[in-house]
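Good morning, everyone. Please look at the sequence and the structure on the screen, and I will walk you through them.

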Amino acid sequence: MDCSIIIINYKSASLVLDCIRSIRRESHKYQYEIIVVDNASGDECRQQLEQEFADIRWIQMEYNAGFARANNAGIEASKGKYVLLLNPDTLILEGAIDKSMDHLAQYPEAVGCGVQLLN
């Protein structure tokens, strides 16, 4: 597994779905897993994800643990060589994840990278 993509959900099901759709549309070069950590949001995100994306990993927090603790739970469960912490309102454009992974592969001593944030 090349990359684990962690998305935190808190009452943002439609944003999470759009984010994952953009990942699937724009990321083809590397193996990745998507882990959604739900911060006890009580929305229909899990059911909607299971209908559209059977391979998404779901972690249910018992309470709203906050962004950092939820990311830590996702990181702990991750299997990828690299970890991408992605906000649910993110849309991947122009193969940004593949390009980032290319960059990391080109510079094996690198410990992280960032991309341009638009809007």
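Which residues does I34 touch, not counting residues up to four places away in sequence? They are I5, I7, I20, I23, R24, I56 and R57, where contact means heavy atoms within 4.5 Å.

Before I go on, a word on the basis. This is a predicted model, in which local features need pLDDT of at least 70, side-chain atom pairs count only at pLDDT 80 or more, and totals for chains, interfaces and linings use all residues. Residues are numbered from 1 along each chain as its sequence is written, and side-chain values use heavy atoms, with hydrogens and water left out.

Back to I34. This residue sits in strand β2. Helices (H or I, at least four residues) and strands (E, at least two) are DSSP runs, numbered from the N terminus. I34 counts as buried because its relative accessibility is 3%. Buried means under 20% relative accessible area, exposed means over 50%, and partly exposed is in between, with a 1.4 Å probe and protein chains only.

From I34 to S22 there are 12 residues along the chain, and their C-alpha atoms are separated by 12 Å. S22 belongs to helix α1. It is buried too, since its relative accessible area is 0%. Leaving out residues up to four places away in sequence, S22 touches T90, L91 and I92.

V36 is also placed in strand β2. With a relative accessibility of 0%, V36 counts as buried. Its contacts, apart from neighbours within four places in sequence, are I7, N9, V16, I20, L49, I56, R57, W58 and I59.

Now the core. A nonpolar core is a set of buried Ala, Val, Leu, Ile, Met, Phe, Trp, Tyr and Cys residues joined through side-chain atoms within 4.5 Å. The largest one here has 23 residues, and the members that touch the most other members are I5, I7, I20, I23, I34, V36 and L49. At least two residues of this core come from each of β1 (3-9), α1 (13-26), β2 (32-38), α2 (45-52), β4 (82-86) and α4 (96-106). Which element gives the largest share of this core? It is α1, with six residues.

Take L49 from that list. Not counting residues up to four places away in sequence, L49 touches V16, L17, I20, V36, A54, I56 and W58. There is also a second, separate core of nine residues, and I35, V37, I59 and A70 are among them.

Next, two helices. Two packed helices are described by the angle between their axes and the distance between the axes. For α1 and α2, the axes come within 9 Å and cross at roughly 25°. Axes are lines fitted to C-alpha atoms, for helices over the stretch in contact, and angles run from 0 to 180 degrees between N-to-C directions. The angle therefore makes α1 roughly parallel to α2. The cut-offs are under 35 degrees for roughly parallel, over 145 for roughly antiparallel, 65 to 115 for roughly perpendicular, and oblique for the rest.

Who makes this contact? On the α1 side it is A13, V16, L17, I20 and R21, and on the α2 side C45, Q48, L49 and E52. By type, these residues divide into six nonpolar, one polar and two charged. Ala, Val, Leu, Ile, Met, Phe, Trp, Tyr, Cys and Pro count as nonpolar, Asp, Glu, Lys and Arg as charged, and the others, Gly among them, as polar.

L17 touches Q48, L49, E52 and F53, not counting residues up to four places away in sequence. L17 and L49 are 32 residues apart in sequence and 7.0 Å apart in space, C-alpha to C-alpha. L17 counts as buried because its relative accessibility is 7%.

Last, the backbone. Most residues other than glycine have a negative phi, and most peptide bonds are trans. A40, in the loop between β2 and α2, has a positive phi, near 55°. At 33% relative accessibility, A40 counts as partly exposed. E94 is not a glycine, yet its phi is positive, about 50°. Is E94 buried or exposed? E94 counts as exposed, because its relative accessibility is 64%. This residue is found in the loop between β4 and α4.

That is the end of my part. Thank you.
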